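Please look over the model below before reading on. The points that follow take a strand, the domains and a loop in turn.

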Amino acid sequence: MPELPEVEVSCLGIRPHLQGQLLQRVVVRQRQLRWPVPDEVMALKDEPIQAVSRRAKYLLIELADGCVLLHLGMSGHVKVLPRDTPAGKHDHVDFVLGSGQLLRLNDTRRFGAVLWQGAGEAHVLLSQLGPEPLTEAFNTELLWQQCQKRSSAIKLVLMDNKVVVGVGNIYANEALFKAGILPSRPAKSLSVDDCERLVQEVKHTLAQAIAQGGTTLRDFSQSDGKPGYFKQELLVYGRGGLPCMRCGAQLEEIRLGQRSTVFCQSCQR
DNA sequence: ATATCCACCTGGCGGC
DNA sequence: TGCCGCCAGGTGGATA
């Protein structure tokens with residue numbers, strides 16, 4: 001479920017419920033996520049929440065002495081619920097708020113994580129990350145320079161979070177299709193023009209998905225806001241073997257870096 | 001440094 | 001129905 005747009009929409013959704021509230025305590029039912037939930041987080045007591053933000057696919061809950069980092073992995077999601085809501089399967093962690101509500105992390109596959117970053121420190125997992133895709137820091141020049149250094153397929157470069165964060169498998173497929181670039185093209189072979197189109201389509205696709213998610217996933221305090229998502233907008237992802245929406249040719253499906261990759265032989269070069 | 005592959009975990013689906 | 005293999009939105013880490 002979570003690519004960058006879902007994380008951003010989650011961030012926007014939970015922020016009004018968390019910001020300015022007291023984080024009274026943290027209830028951990030399953031400590032073993034991708035890494036064990038750190039002691040510092042387990043021990044939190046009556047900490048005012050100063051802000052809620054996002055970096056890459058991490059949600060940041062900012063406190064006075066540091067920051068709780070949440071990563072949703074492949075199957076995680078967060079919800080704001082009344083405090084007395086019974087916990088169900090895979091409801092691993094609750095952040096109990098002074099408002100009478102709680103923020104609940106549910107993660108079936110447990111690839112997600114809860115981490116701690118002390119005030120003034122940069123968590124090692126965050127310190128190596130590339131620019132945010134929706135900022136000016138991610139631009140044609142940067143992508144082109146990164147591509148010059150790489151012999152691997154452009155799709156892999158696009159999904160490398162040292163190059164740019166937040167471009168997962170769905171949106172890599174989509175953006176490459178819209179930019180008319182074959183996913184398997186060696187990154188080195190991209191022209192400045194190719195990079196310009198690609199940067200533009202990455203930004204456009206992510207922004208559009210956020211806008212859609214924002215309309216379907218508005219209320220995080222309800223039991224479920226499971227989105228109609230962005231699914232109806234997908235042009236290639238999940239459509240291998242089906243006709244290209246643009247030219248009608250049969251879409252190809254291959255594996256690239258062990259990830260499913262779909263493209264149109266005639267629309268992408 | 002870079003590229004490749006594996007691992008982590010649960011559940012849903014198609015095929016037999 | 002039941003069992004089996006395969007696949008899934010991520011990404012750190014081991015290995016060559």
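1. Start with a term. Buried means under 20% relative accessible area, exposed means over 50%, and partly exposed lies in between (1.4 Å probe, protein chains only). Helices (H or I, at least four residues) and strands (E, at least two) are DSSP runs, numbered from the N terminus.

2. This is a predicted model: local features need pLDDT of at least 70, side-chain atom pairs count only at pLDDT 80 or more, and totals for chains, interfaces and linings use all residues. Residues are numbered from 1 along each chain as its sequence is written.

3. Look at strand E9, residues 113-118. Ala 113, Leu 115 and Gln 117 point one way, while Val 114, Trp 116 and Gly 118 point the other way; all are buried. With 6 of its 6 residues buried, E9 is therefore largely enclosed by the rest of the structure.

4. E9 has a partner. Strand E5 (residues 66-71) pairs with E9 in the antiparallel sense, over 6 bridges. Two strands count as paired if DSSP finds at least two bridges between them. Leu 70 has Val 114 of E9 as its bridge partner.

5. Chain A is assigned domain 1 (4-127) and domain 2 (140-263). Such bounds come from an automatic or database domain assignment. The C-alpha centres of the two domains lie 28 Å apart.

6. Over residues 2-112 the chain is 17% helix and 41% strand. The end C-alpha atoms of that stretch are 10 Å apart.

7. Gly 20 sits in the loop between helix H1 (4-18) and strand E1 (22-28). Its relative accessibility is 64%, so Gly 20 counts as exposed. The C-alpha atoms of Gly 20 and Pro 48 are separated by 6.4 Å, although these residues are 28 residues apart along the chain.

Notes: Chains lettered and ligands numbered in written order. Heavy atoms only, no water.
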